[in-house]
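Please read the following explanation alongside the sequence and the coordinates. It starts from one side chain and then moves out to the fold around it.

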Amino acid sequence: MKALITGINGQDGSYLAEYLLSIGYEVHGIIRRSSLENAQKLSNLRGIMDRIVLHPCNIEDHLALYKLVNNVKPDECYHLAASSFVSYSFDEEATIISTNFTSTHYLLSCLKELKPDCKFYFAGSSEMFGAAEEAPQDEKHKFNPRSVYGISKVASYYVVKNYRERYGMYACTGLTYNHESPRRDYSFVTRKISVGIAKIYLQQMPKLQLGNIQAVRDWGYAPEYVQAMWRMLHNPQGPKDYVIATGIAHTVQEFLQIAFAVVGLHYTDYIEINPQFFRPSEQIPLIGNASLIQADLEWRAQKPFSEIITEMVQQDIQTLSGQKP
Ligand code: G4F
C-alpha cells in the first residue's frame, strides 16, 4: 500500500508516517521546499528519513500537485497540512481560508482525475463547532466556527462531503480535538508550558507568560489520534466522518499543576498572566463525544492526561539539557 501525507513533518504527519511504515506501507510526504532545506523543520522525521520519500511541493499549486499525484498514484491520502494556529483576528489571517480550502479542493480534484479509488482523509477540527450549543459535541452537532481557521475547515469539510456524495470517492473528515505530544508545535499552550518548565527547571528562564489559564480543552495523545485516521480509511461501513476526542475536560490550570509537579515545583511561583495571550473563551467548552468511532471502529483515547504531560515535560528537559531524547 502506498500512502501520501501532506504535512508529513508536523506532529501528526510524522507519527502517522511511523505508524504506516510499521504496518508495511510505502510512505510519501509532501513538504514545503523551504522545510526541506531546514534541519529543524525535519526533526520529527529524523528516525525515518531513509524510509520515506519526500516531495517538495506547494499545496496551493494545482499543476505541481497534479504532477505529484500522477507520479505517486497513492492508495491512501492523508491531508494534514494546514495553517493551524487558531486566530480570531480576521484582518491578520486573510490567507488561511484560501490556503486551507484551496489545498483540499486541489488535492481532491487531482485524485478524482488520476486515482479516483484513492482513499482520502481530511484533518478537520473541533474549531469547526466553535461557539457550540452544548457539550460534548458529536458528529451531528451544528458547525458554528468563530475563527478563520475553523471557517477554512468547515469549507473544506463540505468539499470532502461533495466529492464523496457526487463522485463516489472514499473521502472523509476526522473532527479531531486537541491532541498533544513532545512533537507539538511551540505555538500551542501545552508545548509552550512543557518547554517553559524545562527552561525554568534548567534555570534558563525565570517565568512563563500565559493567557487565560481557566480555558477548557479536551486534550488527547497524538500518536493514538493518527491510528484513528487510519481506521477511518479502513471502515467496513465505507467513508464516514467521526469525532476523535477523549471526552474529558481539563483546564490549562490543571495542565500547569501536573506539569510543574513533574519537576517538584508549584506553578503559581512561575506564571505571569499576560493579556496579550488572551483569546475570547467559549461559553460552552469544546469537548468531544467519540462514542461513534468507539462503536464503529473500536478506537478510543487511552493515554491518561497526566502521562501525556509527564512525557512532554521529561522529553523537553532531556532535549534542552543536551541529552538525546
Ligand atoms: O494550545 P492552543 O493554542 O490550541 P487551540 O487554539 O485549542 O487549537 C489547537 O487545537 C484545535 C483543535 O484540535 C486545532 F484545531 C488547532 O489547529 C490547534 O491544534 O490553545 C488552547 C487553549 C486556548 O483556549 C487558549 O486561549 O489555551 C489557551 N491559552 C492560554 N494561554 C493559550 C495560552 N494558548 C496559547 N497558544 N498560548 C498561551 O499563552
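Which backbone oxygen lies 3.0 Å from a polar atom of the side chain of Ser14? In this predicted model, the oxygen belongs to Gln11. Ser14 sits in helix α1, which covers residues 11-22.

The relative accessible area of Ser14 is 0%. The cut-off for a buried residue is under 20%, so Ser14 counts as buried. Leaving aside residues up to four places away in sequence, Ser14 is in contact with Ile8, Asn44, Leu45, Ile48 and Arg183. As for Val195, 181 residues separate it from Ser14 in sequence, and the C-alpha to C-alpha distance between the two is 20 Å.

The next element to consider is the sheet. Seven strands make up an open sheet with parallel pairing, and their order is β3-β2-β1-β4-β5-β6-β11. At its edges are β3 (52-56) and β11 (242-244), each of which pairs on one side only. On average, neighbouring strands of the sheet are turned by 20° against each other, direction ignored.

In general, the strands of a sheet pair through backbone hydrogen bonds, in either a parallel or an antiparallel manner. Here, β1 (residues 2-6) and β2 (residues 26-31) are joined in the parallel sense by five bridges. Within this pair, Lys2 is placed opposite Glu26 of β2.

A helix also packs on the sheet: α5, residues 148-167, touches β5 (119-125) and β6 (171-176). The direction of α5 makes about 155° with that of β5.

Conventions. Residues numbered from 1 in each chain as written. Predicted model: local features only at pLDDT ≥ 70, side-chain atom pairs only at ≥ 80, totals over all residues. Heavy atoms only, no water. Pairing = 2+ DSSP bridges. Helix = DSSP H or I, 4+ residues; strand = E, 2+ residues; numbered from the N terminus. Axes fitted to C-alpha atoms, helices over the stretch in contact; angles between N-to-C directions. Contact = heavy atoms within 4.5 Å. Buried < 20%, exposed > 50% of the residue type's maximum accessible area, 1.4 Å probe, protein only. Polar contact = N/O pair within 3.5 Å; in protein donor to acceptor, adjacent residues only side chain to side chain.
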